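Subject: Structure handover

Hello,

Here is the structure for your files. My notes on what turned up in it follow below.

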Amino acid sequence: MSTGRVSTGLQFIGSPKQVGQKASLKGFQRFLSSEFRPSPKSIIMKKKVLLMGKSGSGKTSMRSIIFSNYIARDTRRLGATIDVEHSNLKFLGNLTLNLWDCGGQEAFMENYFTSQRDHIFKNVEVLIYVFDVESRDVERDMHYYQSCLEAIMANSREAKIFCLVHKMDLVQEHQRDRMYEERVNELKTRSEPLKIKTFRTSIWDETLYAAWSTIVHALIPNIRTLESHLNNFCSICDADEVVLFERSTFLVIANAARINHVDAHRFEKISNIIKQFNLGCRQVSNRS
Amino acid sequence: MEFQGFPRIHSIFFAVFDNEKGPVVQHQVPEGTIVPHSPETDPSSSNGLNDALFCTKPIIDFEAISEYIITKEQLNGRLVSVCNNNYKVMGVPVCITDHVRYKKLRNEYRFNLCFVFERDAETSSYEPIVQKMATVLEVLERESDFLTGDTTNSGAVTIQNVIEQLLEDLNSYCECQIPINDSNTINLKLFPTYPNPTSVQNYHVPVCTVDLSSMMSINWDITLCKIINHINGISSVRKIADKANVKIEWARQSIEHLLYYGCIILIDIYQFSNIYSIKPEVMQLLDEKSGLQEECIDYVTLPGHSPPTISQLFKLYCGLQHGITLKGLITTNREQAENIDLRRLITFGVIKGLIYRVYKYPMLVNLTTSASVSAETLPSNAINQNTGGPIDPQLLSFLDGNHHYDEICTELRCSPKELDEQLGYTTNFDSVPKQPAGLDTNDAGDAVSVGSRAVISDSVSNTNGNMDLWAVRFVFR
């Protein structure tokens, strides 16, 4: 397995089988460099992502793990988010995620739908709504969720909506599928006519990476081109599979495969494993 | 510098961050001022009688300002004031982070004790109080869970008790003492703040306006005690420091303190070479209703002599103008001034704003280039055309036009006459002319004494050709 380094922060793992594939490897690297080189400020793309949900549902914890290299156990020490916390996350050279982590306390939520409505809900690319599967007041959760949807319809009709049913680890294993199905059906009904994508997540396993990879995938502007090039590359070098990860978050950006693989969850598992490994290495080097 | 009294506290409230609801007001006095009073949730504080005393409508919209009450990290620990149309709210947001103690509260406890005043109230005296309360509450919480602990046992003091007593005592007595438990008491006192006084210089002369020696106690600062006895309205700060044998910086600071509290006024060193000039306010002397006339006569009459008339005093004041020294004034008016203490006449005039002191600034001027000279560009070996000799190096730094005679004489411990000799200042008049000497202005528009000008122009004809010509000019302002 050879790993190539692209200066823009992409790491890819492929297995070129033949001579002459080096040429195409180089060609692909060149393509990636040109697609994702850092742009001058004028054409940097900023994508606004709203992260909303009831207080204590796990929004800041997820964001810390994916983007700030927290390990799951460390998120126990996080405090409540006061009002909105903004972070600008550089992604793939010329893409910036403008992430709005919105505190979910009642006072703040009321505010988001009244005096701050336009400010919050305009120009949104992606809305991520987090549901705590253990919540005691499902009706109220739904009420807030629907208020969000109304605001989105009024201000950012084209926004993509992702619903995360979170803290699945707290549900007993044999009940998980059923609970998730119930929730998804409820959400899909309530979200009409908007189309949503749902995920079941937990910070303690790879499901977190599956959800966020998909979310980020939806934000990349030239993803189709990228995928077709990746496919070409995969067939040229006769690889079983080529997967593209983003280097600091280890989220999957795209993949191309020529064989069918049994494990549909292999990507997030790889993300999770490598991320833990990286963090472990960093801790060791910090200590020494 | 009149102190108007402390502004009234309209309300005090205690806000916390609730992990479900967000920022909420947990306690407020009087009830209903910040959030509507609801008897159901707080049965202990309401009964039929008291309901009538409660505020019916909140005076502030809490939700509108809550982001400045429970704030983001950057504002924690700082004094934050926010105003709406009618009221000003002052508080210090506090955040205590403790993973163990606040495990169930998401690792943090945030609170803010806020004071509400009229919007335009002068609240600077309260700022230390608000800060202190924040510190005290934080310490109490950390040491004995005062804010989050269980307060069901009836004897214990609660935060509600505390703010009730704070409001009552600070408004009524301007001080407050609240025992919390065996080991803790809250002590607060309001101190008035005055505007900062002007800075005190070594050549200023302090005059007492209150009887300091009777107010003095052994607890006062030692330097202060030493110098008070030497404040006599005549000695300059430097002289006081010399006589009392204290460091000049400490003497100056002590005088500054006395000035801050309004115990003294600063005037000039009284010298016969001083020049004063009248201000339009001198007309107040002619106004019988102002009471100024009696005061003046009382103050300036020499003991054992008959009091002067107000027209006498007025005439003397009018005799003060640019170009006329006190010596000149006395010489002219010797008979009219026999029963008058001239020093007191001058002091009275300065303090009441009837006359002002005209200072004399020596300035080294480059005659050849007529370039202006600053402190950095003073030459070290110039020949002063006035005297024909070099300038004493000690004097050089004072000759940029920013230092007047009083200052130079005080620093170098010389008399004005000696300084005149050094710098080559001469006047041609030993007797005071009836008309003021012809006043000219230099390029800067300052009045220049004609006498010295004449000296300079005489010496221009002796130019040397190679070296720059320097002379000392004198500016009166």
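The model is a predicted one. I begin with helix H9 of chain B, residues 292-300, in which B:Leu292, B:Gln293, B:Cys296, B:Ile297 and B:Val300 are buried. Viewed down the axis of H9(B), these buried residues fall within an arc of 125°, so they line one face of the helix. What they pack against is two other helices of chain B: H10 (310-318) and H12 (342-351).

Next, the cysteines. Searching the whole structure gives 0 disulfides over all chains. For A:Cys102, the nearest cysteine sulfur belongs to A:Cys148 and is 8.0 Å away, so A:Cys102 is in no disulfide, given that the pair would have to lie within 2.5 Å. A:Cys102 is also buried, its relative accessible area being 1%. B:Cys414 is likewise in no disulfide. In its case the nearest cysteine sulfur is that of B:Cys409, at 4.2 Å, whereas the cut-off for a disulfide is 2.5 Å.

Of the 477 residues in chain B, 45% are buried. Among contacts in chain B with a separation of 6 or more, 67% are between residues 24 or more positions apart. The accessible surface of chain B is about 25600 Å², and carbon and sulfur atoms account for 50% of that surface.

Regards

Terms used:
Residues numbered from 1 in each chain as written. Chains lettered and ligands numbered in written order. Predicted model: local features only at pLDDT ≥ 70, side-chain atom pairs only at ≥ 80, totals over all residues. Heavy atoms only, no water. Buried < 20%, exposed > 50% of the residue type's maximum accessible area, 1.4 Å probe, protein only. Helix = DSSP H or I, 4+ residues; strand = E, 2+ residues; numbered from the N terminus. Arc of directions from axis to C-beta. Contact = heavy atoms within 4.5 Å. Areas by Shrake-Rupley, 256 points an atom, 1.4 Å probe, with all protein chains shown as cover.
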